[in-house]
Amino acid sequence: MIEYFPITAAIAPDGKITLGGQNLDDLARSWGTPLYVYDAATLRRQVEILRRSLQAAYPGPSQVTYAGKAYFSLRMARHLAALGLGVDVVSLGELNIARQAGFAPQRVHLHGNNKSPQELENALKWGVQAIVVDSLDELALLEEIAKASGQTGRIWLRITPGLSVQTHPYRQTAHPASKFGLPIEDGQAAEAIHRAMGSRWLHLTGLHTHLGSQIFELEPYTRAVEMLCELARGEHFTPEDLSPGGGWGVRYVPEDSDEPVEGWVSAVSQTIQEQCRLAGWPLPKLILEPGRWLVAEAGVAVYTVGVVKTAMDGTCMVAVDGGMADNPRPALYQAGYTARLIPGPQRPPGGGDLATLHKVTVVGKFCETGDQLIPEVMLPSAQRGDLLVIPVSGAYHLSMASNYNLAPRPAVLWVDNGQVEVLQEREDPSAAGWWV
Ligand code: LLP
């Protein structure tokens, strides 16, 4: 077991690392770097922990739904569907992948603050669990589309309670200035409930809120649930479904909290139960929709070290063959990471001196000064040909990856008990038709 790494990770005295029964050196040699590797056992464990804590804390019906935006591809989606998860999709692309991967429509809901008519039509036609209506404008549009196609649809309303949470400002979604959802404060949320309940074409089944991402505080969640329930009571609406969103955080660096997810599940569950007692409602279906918490820790990023140099101010720069194109999180949110060095084949047997650590900056290969993967980390002295592994890389790296500098997107592997499956092939910049 290696801190921050997937649960199957092991490190040998010569610094070699195995994951899911596979040697990362071998995988890097066969598939090239940058390489992303997901450990099946870690993902299954996360699902199991969440399910068990829901069962322990909530006596009503419940569902674990994966937020596809954290990382989605057809083969990954098949594994997630096979685990019995639901999925939250936010685009026609994600919707189509969910359908092809075998998710039942009753386990899929569609999010988005500006869904296109085409996305709404497709979700209606497929008969998803819910279209999560984000505004009064969208409510009117969806009703028109439903009426024109003669199809009724289930909806939830995304409510904005006006709560701020402690996270990067770009990850807040329910504060007063949020572009997401229907504010309670000015009556838009109540108006939407009222209109939806009176609609012939839309069947309002639930309320949803999502406070933000990488959150470790319980209070905003319990307050949000109270506010949603108060709102529903005020409008004489009894929710069948209640979704307090996702957002529970994971630990990337020692400074991050290690508040367990069970606390989140239990706080939310208790508040819903109290509110239901107060209102005399039966317990609604509780839908949690984490993305990061399910997949972040399952994934690692593997790079090859190239140039090692000293900057004019004395900073030691270790440059790897990826960077902000496959992981924009440090540049976007000043996100922190740890790393491990795997000695390369050019080293003496045993890997050389791996015990003496030096302060270095890990930079990528892209043409921006902000392309720093880790501004400061302690590593053994790095050489060209070593591998650098960054754990907790499974969420919001590849789903936000770009082709900046026309970089090919990396290969993605799934390792399970010694078996390797390719989730995504590396893009090939020398292939005919690349970037025409
Ligand atoms: N539900 C909704 C409506 C969301 O918008 C999101 C994430 C989730 C669930 C899942 O949140 P999670 O459990 O993964 O925190 N790119 C940022 C995170 C953006 C989150 C976007 N929405 C990052 O890399 O930190």
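This is a predicted model: local features need pLDDT of at least 70, side-chain atom pairs count only at pLDDT 80 or more; totals for chains, interfaces and linings use all residues.
**Entry: domains**

I checked where the bounds of the two domains fall. Domain 1 is made of two stretches of the protein chain, 10-32 and 298-424. Domain 2 covers 40-295. I then looked up who takes part in the contact, and found 23 residues from domain 1 and 21 residues from domain 2.

**Entry: buried area**

The size of an interface is often given as the accessible area lost when the parts come together. For domain 1 and domain 2 I noted about 2100 Å² buried between them. Carbon and sulfur atoms account for 58% of that area. Which residues of domain 1 lose the most area to domain 2? I have Ala 298, Tyr 396 and Trp 414, which together make up 28% of what the domain 1 side buries.

I looked for salt bridges between domain 1 and domain 2 and the count is one. I also have a salt bridge between Asp 416 and Arg 44 on record in this notebook, with the closest N and O atoms 2.9 Å apart.

**Entry: what domain 1 presents to domain 2**

I listed the elements that give two or more residues to this side: helix 11 (329-333), strand 20 (411-416) and strand 21 (419-424). Sorted by class, the side of domain 1 that touches domain 2 holds 13 nonpolar residues, seven polar and three charged.

**Entry: whole chain**

I went back to the protein chain as a whole and noted eleven helices and 21 strands. Along its principal axes, the C-alpha trace spans about 75 × 50 × 45 Å. Does the radius of gyration agree or disagree with a compact globule? It agrees, because a compact globule of 436 residues would have a value near 22 Å and the protein chain has 23 Å.

**Entry: backbone checks**

I looked up two backbone details. Thr 33 and Pro 34 are joined by a cis peptide bond, with omega at about -5 degrees. I placed Pro 34 in the loop between helix 1 (24-31) and strand 4 (35-39). Tyr 4 has a positive phi, near 75 degrees, and is a residue other than glycine. I find Tyr 4 in the segment before strand 1 (10-11).

Definitions and conventions. Residues are numbered from 1 along each chain as its sequence is written. Side-chain values use heavy atoms; hydrogens and water are left out. Domain bounds come from an automatic or database domain assignment. Contact means heavy atoms within 4.5 Å. Buried area is the accessible area (1.4 Å probe) that two parts lose on being put together, summed over both. A salt bridge is a side-chain nitrogen of Lys or Arg within 4 Å of a carboxyl oxygen of Asp or Glu. Helices (H or I, at least four residues) and strands (E, at least two) are DSSP runs, numbered from the N terminus. Ala, Val, Leu, Ile, Met, Phe, Trp, Tyr, Cys and Pro count as nonpolar, Asp, Glu, Lys and Arg as charged, and the others, Gly among them, as polar. The radius of gyration is taken over C-alpha atoms; the globule rule is 2.2 Å times the number of residues to the power 0.38.
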